[in-house]
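Here is a briefing on charge pairing, surface charge and a few selected residues. Please keep the sequence and the 3D view open while reading.

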Amino acid sequence: MISSAKKTILALAFFSLFTACSQEKVSLNKFYGADASYFNGLLALRDNNSEAAQKYFFRSAKKGSYWAARRSMRQLCLMGDVQQRIKRCSDYLKKYNDDEAKLFVCREFLADKEYALAIEATDDIDLAVCDNNLAVLRLQALDKKNDSRFDQTVYDWFTKRRISDVHYEFYKQNARDELEDVISGADGNAPQFSDFAVNKDFVLQFRIAIYRGNYNAAYEMYDQIRALTIEQNKIPLTWQLIADMGRACVNGNNDDINNAKYFEDLSRSNYWNGQKIKYYAMIYSGLLYNKNDNYRRRSLKQFEAALGLAGDDNERDQALWYYLQSCLKISTEEAVAGLKKYAASFCQKDYFDDFFDSLSVLLFSGGKWDLFQQVLDAIKDHASQSTVSKYAYLTARVLQSQTENADAAKIMDAYKCAAATDPGTFVYYKLLAAKELGYTIGDIDKMFFSPKNLAPLAPEKVSMEQALSARKLLLGYADFGLGECIYDEWKIFFDMDKKMIDLPTVERLSDFLRQMASDQNDYYSKSLRMIARSANLDGIQISRKAFELLYPQNFLDYIKASAKEFEVDDYLMFALIRTESFFEPAIQSHAGAIGLTQLMEATASDCAKRLKVQNYNLLDPATNIRFGTYYYSHMKKRLDDSGVLALFAYNAGITVVRRWIRSSKIELNSQGQLWSDMFLETLPFAETRDYGRRVVSAAAMYSYLYDGKNPCDIVSELM
């Protein structure tokens, strides 16, 4: 007997094949049942048929599944006259009384100047955890009604949680000009505290200064904040204020030891009942001690003490991360000892990935190659799969470099460990290990696609009924041709519960968006972002179809033409563009890089001169791809035809790469040929190391998926 939930899952999985039949509309209505009315209502709105749309939405709201019914009610709230909309919003809030519903109806209430209703709708929100935009709507309504609760609500919202961009935008719109001048240091002088009453406004100024990174100004306020909260108890002390006080001391002053002792005493005081207050006092005591070489070991004790005060997994991992980073400042041996002691205590395994990246660089630069094996032994069952894969490969590589007394069995075991890990979409070290193991393309197929005994991922924060309804809703958008709704709706569900939408559903949605994509929209990048985020969850079996969506051949004609013109392998350009821009034609970086291949204006101008192009537009995909391909080929010729060095030069510049080569040869004791994989591991910038790994593995995957080549051969060519 098949359960109803399983029947629904099977039906949804089958339906992507079903929608191509000749009687599509009839079949769609039959399959989706009452939910079809929601999609038909959206189509009616697209045709400006409001009357028909309302009838559809009423039907779906009454009989549809959870999300179709809910979305139908929301659409009805936008239709009709003012009184009808207000009544429908009130009904919607009664049925779905959560932050999402409150956020929606409050926007409508404020638009209709129903401020009292917005206040009533938000009376029970928790300012410490609610959606920040919902807090702003409540404050706007309180302000419009001159409600006496406004000031206290502002203070609570600003002091019960971390300051966000939403807080700062609200602050800019509401702060008095003179307060803003003090925070920004506009006149170049220290704040004149005598100008201000010692009150809640002063606390808000302090928190905003910390948020904006104005630590010198914040430290000028530190003594008065301490007096207000700890010494005079005029303002309640919260863990957020302790953390901000700690940041001010760490970044805005050099009296580290005295400040460290103050926070240490605070953490041990029996006066404070709040465990989070003691935890953050101990954390910042450790960070302040850690700034002084003579107090590093004392900082370790502080972080270990913080472990005992941690209230949840995130706080525990934070204390451990600081502990390990402090160990690393003492020595790599100390860091390895710390791993042996605490690796089994990791909660969120990927929390420590950046630490392990820094550790490997220091092991190489310090000549401590023998420690790789010890790190691997300590973390094999505790670190993230991508980190285990990395250290297994590097351990094998280090052992292999020891021509004397090399243990062949240990080397093979380490390579096999690297190849057997399941690091989601981060396949770089798996491929390097597969190359060393001499894997055939058949072995590669088994490595990626052999069925694993993985339990289906179940949603963690919502019911299975809601999850199935959400999947059906998203598939309905695709089947009814409403692709514009898919990505934003999927993001809502993914943020709600990362396991809410299963990978097979995301595959179909991603494929649909990719088919809808063109040079003029951003569906290529949306398709890729959906599948990339969903495929990186632990315990996911990634299918070949998912890999093809992860490594799509977008802008195929342009890329093939440019690759042929400049004698570059097209899979390399696919990989470069995927890594640089995620196939978003109009993207621009903070540094000013533009378009698919992320070219700077100066670089593009030079390319145009060499190619004898007078007028060009870098937002035009064909032009951008042609210039980027030419530039890569030019770098390759200047770097002895090395594909991987050309990639690094593309990312960081040829002069920088040549300097890195000289430095790496010293660190690796190499006088002759430099191993490219080891060169990458010694690069001084984490961003460039990550770039190299991603583009090399992407090139290998493109050649494997579309050209039928063994990806190990591509890795060999590049590395």
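Which residue forms a salt bridge with Lys341? The partner is Glu304, and the closest N and O atoms are 2.8 Å apart. The model is predicted. Its salt bridges number 41 in total.

**Lys341 and Glu304**

- Lys341 sits in helix α20 (residues 332-342), while Glu304 sits in helix α18 (residues 296-309), so this pair ties together parts that are 37 residues apart in sequence.
- Lys341 is exposed, because its relative accessible area is 52% and the cut-off for exposed is over 50%.
- Glu304 has a relative accessible area of 25%, so it falls in the partly exposed class, between 20% and 50%.

**Arg71 and Glu100**

- A salt bridge joins the side chains of Arg71 and Glu100, at 3.2 Å from N to O.
- Arg71 belongs to helix α5 (residues 66-76) and Glu100 to helix α7 (residues 99-111), so the pair ties together parts that lie 29 residues apart in sequence.
- Are these two residues buried or exposed? Both Arg71 and Glu100 are buried.
- Arg71 and Glu100 also belong to one network, joined by salt bridges that share partners. The network includes Arg70, Asp98 and Glu489 as well.

**Asp124 and Lys102**

- The side chains of Asp124 and Lys102 form another salt bridge, at 2.7 Å from N to O.
- This pair links distant parts of the chain, 22 residues apart. Asp124 is in the loop between α8 (115-121) and α9 (132-144), and Lys102 is in helix α7.
- Lys102 has a relative accessible area of 5%, so it counts as buried, the cut-off being under 20%.

**Charged surface patches**

- Which residues gather in a patch of positive charge on the surface? They are Lys55, Arg59, Lys62 and Lys63.
- Lys62 is exposed, with a relative accessible area of 70%.
- Asp713 is located in helix α40 (residues 711-718). Its relative accessible area is 44%, so Asp713 is partly exposed rather than exposed, which requires over 50%.

**Thr688: a buried helix residue**

- Thr688 is part of helix α39 (residues 686-707).
- Its relative accessibility is 5%. Thr688 is therefore buried, as the value is under 20%.
- What is Thr688 in contact with, leaving aside its neighbours within four places in sequence? The contacts are Phe648, Asn651, Ala652, Trp660 and Leu683.

**Met412: a partly exposed helix residue**

- Met412 is found in helix α24 (residues 408-420).
- With 32% relative accessibility, Met412 counts as partly exposed.
- Met412 and Gln400 are separated by 12 residues in sequence. In space, their C-alpha atoms are 9.6 Å apart.

Conventions
Residues are numbered from 1 along each chain as its sequence is written. This is a predicted model: local features need pLDDT of at least 70, side-chain atom pairs count only at pLDDT 80 or more; totals for chains, interfaces and linings use all residues. Side-chain values use heavy atoms; hydrogens and water are left out. A salt bridge is a side-chain nitrogen of Lys or Arg within 4 Å of a carboxyl oxygen of Asp or Glu. Helices (H or I, at least four residues) and strands (E, at least two) are DSSP runs, numbered from the N terminus. Buried means under 20% relative accessible area, exposed over 50%, partly exposed in between (1.4 Å probe, protein chains only). Patches are made of residues with over 30% relative accessible area and no salt bridge: like charges are joined within 9 Å, nonpolar side chains (Val, Leu, Ile, Met, Phe, Trp, Tyr) within 5 Å. Accessible areas come from the Shrake-Rupley method with a 1.4 Å probe; for residues, only the protein chains shown count as cover. Lys and Arg count as positive and Asp and Glu as negative; His and the chain ends are not counted. The place of a charge is taken as NZ of Lys, CZ of Arg, CG of Asp or CD of Glu. Contact means heavy atoms within 4.5 Å.
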